[in-house]
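Here is a short note to read alongside the model.

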Amino acid sequence: FERLAMKSIDPLLDRQHDRENYHCVHFVIEAGKYLFGYDFTDNFLGLANPLDSNGHPSRHTVKNSDKTQIPIDGTVVLMTKLDNRLHVGLYYAGRVLHLSKSGVRYQSIRQLQREYKRLRFYNAKNFH
(Lines give C-alpha, C1' and ligand atoms only; values in the text may rest on other atoms or scores of the structure.)
Protein backbone atom coordinates (compact mmCIF):
# COMPACT_ATOMS: atom_id res chain seq x y z
CA PHE A 1 0.00 0.00 0.00
CA GLU A 2 1.62 3.18 -1.18
CA ARG A 3 0.88 6.19 0.99
CA LEU A 4 -1.08 8.77 -0.96
CA ALA A 5 -1.16 12.47 -0.16
CA MET A 6 -3.99 13.29 2.20
CA LYS A 7 -7.11 14.34 0.34
CA SER A 8 -9.73 16.75 1.60
CA ILE A 9 -13.01 15.13 2.63
CA ASP A 10 -14.90 18.27 1.57
CA PRO A 11 -16.26 16.77 -1.70
CA LEU A 12 -17.98 14.03 0.35
CA LEU A 13 -19.62 16.26 2.95
CA ASP A 14 -22.82 16.98 1.00
CA ARG A 15 -23.95 13.33 0.77
CA GLN A 16 -27.40 12.60 2.14
CA HIS A 17 -28.67 9.35 3.62
CA ASP A 18 -31.36 7.54 1.62
CA ARG A 19 -32.37 4.18 3.06
CA GLU A 20 -33.27 2.75 -0.35
CA ASN A 21 -30.57 4.20 -2.59
CA TYR A 22 -27.62 5.63 -0.66
CA HIS A 23 -26.78 4.54 2.85
CA CYS A 24 -23.67 4.11 5.01
CA VAL A 25 -22.34 1.17 2.95
CA HIS A 26 -22.64 3.10 -0.32
CA PHE A 27 -20.90 6.03 1.34
CA VAL A 28 -17.94 3.91 2.53
CA ILE A 29 -17.50 2.57 -0.99
CA GLU A 30 -17.64 6.03 -2.54
CA ALA A 31 -15.27 7.46 0.08
CA GLY A 32 -12.84 4.57 -0.47
CA LYS A 33 -12.76 5.19 -4.21
CA TYR A 34 -12.26 8.93 -3.73
CA LEU A 35 -9.74 8.87 -0.87
CA PHE A 36 -7.72 5.77 -1.76
CA GLY A 37 -8.62 4.82 -5.33
CA TYR A 38 -9.77 1.48 -3.90
CA ASP A 39 -13.12 -0.20 -4.55
CA PHE A 40 -14.47 -1.71 -1.32
CA THR A 41 -17.50 -3.21 -3.11
CA ASP A 42 -16.21 -6.78 -2.72
CA ASN A 43 -16.01 -6.22 1.05
CA PHE A 44 -19.76 -5.80 1.42
CA LEU A 45 -22.66 -8.18 0.87
CA GLY A 46 -25.95 -6.86 -0.46
CA LEU A 47 -24.54 -3.51 -1.49
CA ALA A 48 -27.03 -2.94 -4.30
CA ASN A 49 -29.96 -3.78 -2.03
CA PRO A 50 -31.79 -1.42 0.30
CA LEU A 51 -30.85 -1.82 3.93
CA ASP A 52 -32.46 -4.59 5.96
CA SER A 53 -35.82 -4.05 7.64
CA ASN A 54 -34.11 -2.22 10.50
CA GLY A 55 -32.46 0.17 8.09
CA HIS A 56 -28.90 -0.97 8.79
CA PRO A 57 -26.26 -3.33 7.45
CA SER A 58 -26.45 -6.87 8.74
CA ARG A 59 -23.80 -8.54 10.88
CA HIS A 60 -22.60 -10.29 7.73
CA THR A 61 -21.90 -7.01 5.96
CA VAL A 62 -18.10 -7.03 6.06
CA LYS A 63 -16.42 -9.85 4.12
CA ASN A 64 -13.06 -10.40 2.42
CA SER A 65 -11.52 -8.56 5.36
CA ASP A 66 -9.22 -9.26 8.26
CA LYS A 67 -10.24 -8.09 11.72
CA THR A 68 -7.66 -5.85 13.40
CA GLN A 69 -7.35 -4.14 16.77
CA ILE A 70 -5.81 -0.89 15.57
CA PRO A 71 -7.34 1.04 12.67
CA ILE A 72 -5.19 2.59 9.97
CA ASP A 73 -6.22 4.68 6.96
CA GLY A 74 -8.72 2.66 4.93
CA THR A 75 -9.86 0.43 7.81
CA VAL A 76 -13.59 -0.30 7.69
CA VAL A 77 -15.22 0.44 11.06
CA LEU A 78 -18.28 -1.61 12.00
CA MET A 79 -20.23 0.02 14.83
CA THR A 80 -22.90 -1.61 16.98
CA LYS A 81 -25.60 0.61 18.48
CA LEU A 82 -27.21 0.02 21.86
CA ASP A 83 -30.19 -1.63 20.14
CA ASN A 84 -27.77 -3.94 18.23
CA ARG A 85 -28.26 -2.25 14.86
CA LEU A 86 -25.05 -1.96 12.87
CA HIS A 87 -23.50 1.00 11.09
CA VAL A 88 -20.32 1.27 9.03
CA GLY A 89 -17.70 3.96 8.43
CA LEU A 90 -14.18 4.39 7.06
CA TYR A 91 -11.13 5.30 9.14
CA TYR A 92 -9.21 8.21 7.64
CA ALA A 93 -6.59 10.56 9.08
CA GLY A 94 -7.24 9.59 12.69
CA ARG A 95 -11.05 9.75 12.58
CA VAL A 96 -14.00 7.81 11.22
CA LEU A 97 -15.88 9.16 8.23
CA HIS A 98 -19.46 7.89 8.03
CA LEU A 99 -22.91 8.73 6.76
CA SER A 100 -25.66 9.02 9.35
CA LYS A 101 -29.31 9.88 8.83
CA SER A 102 -28.38 13.49 9.65
CA GLY A 103 -25.58 13.59 7.05
CA VAL A 104 -21.84 12.99 6.85
CA ARG A 105 -19.97 12.84 10.15
CA TYR A 106 -16.22 12.78 10.82
CA GLN A 107 -15.65 11.65 14.40
CA SER A 108 -12.89 10.41 16.65
CA ILE A 109 -12.92 6.86 18.03
CA ARG A 110 -13.52 8.36 21.48
CA GLN A 111 -16.64 10.19 20.25
CA LEU A 112 -17.95 7.03 18.60
CA GLN A 113 -17.38 4.99 21.75
CA ARG A 114 -19.91 7.25 23.48
CA GLU A 115 -22.55 6.56 20.81
CA TYR A 116 -21.92 2.91 20.03
CA LYS A 117 -21.51 -0.02 22.41
CA ARG A 118 -19.00 -1.81 20.19
CA LEU A 119 -16.53 -0.86 17.45
CA ARG A 120 -14.79 -3.43 15.26
CA PHE A 121 -12.09 -2.75 12.70
CA TYR A 122 -11.54 -4.59 9.43
CA ASN A 123 -8.82 -4.22 6.81
CA ALA A 124 -9.71 -5.24 3.26
CA LYS A 125 -7.44 -8.17 2.32
CA ASN A 126 -6.49 -6.71 -1.05
CA PHE A 127 -6.14 -3.12 0.10
CA HIS A 128 -3.41 -2.90 2.74
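1. Of the 13 residues of H1, 10 are buried, so the helix is largely enclosed by the rest of the structure. Buried means under 20% relative accessible area with a 1.4 Å probe, protein chains only. Helices (H or I, at least four residues) and strands (E, at least two) are DSSP runs, numbered from the N terminus.

2. This is a predicted model: local features need pLDDT of at least 70, side-chain atom pairs count only at pLDDT 80 or more, and totals for chains, interfaces and linings use all residues. Residues are numbered from 1 along each chain as its sequence is written, and side-chain values use heavy atoms, with hydrogens and water left out.

3. The buried residues of H1 include Phe 27, Ile 29 and Leu 35. They pack against strands E3 (86-92), E4 (95-100) and E5 (103-107). After H1 comes Gly 37, with a positive phi near 65 degrees.

4. In E3, seven of seven residues are buried. Leu 86, Val 88, Leu 90 and Tyr 92 point one way, while His 87, Gly 89 and Tyr 91 point the other way.

5. E3 pairs with E2 in the antiparallel sense over five bridges, and with E4, also antiparallel, over four. Pairing requires at least two DSSP bridges between the strands. Thr 80 stands opposite Leu 86, and Tyr 92 has Arg 95 as its bridge partner.

6. In the hairpin of E3 and E4, with two residues between the strands, Ala 93 takes a positive phi near 50 degrees. The backbone nitrogen of Ala 93 lies 2.7 Å from a polar side-chain atom of Asp 73. Asp 73 counts as buried because its relative accessibility is 9%.

Technical notes:
Buried < 20%, exposed > 50% of the residue type's maximum accessible area, 1.4 Å probe, protein only. Polar contact = N/O pair within 3.5 Å; in protein donor to acceptor, adjacent residues only side chain to side chain. Contact = heavy atoms within 4.5 Å.
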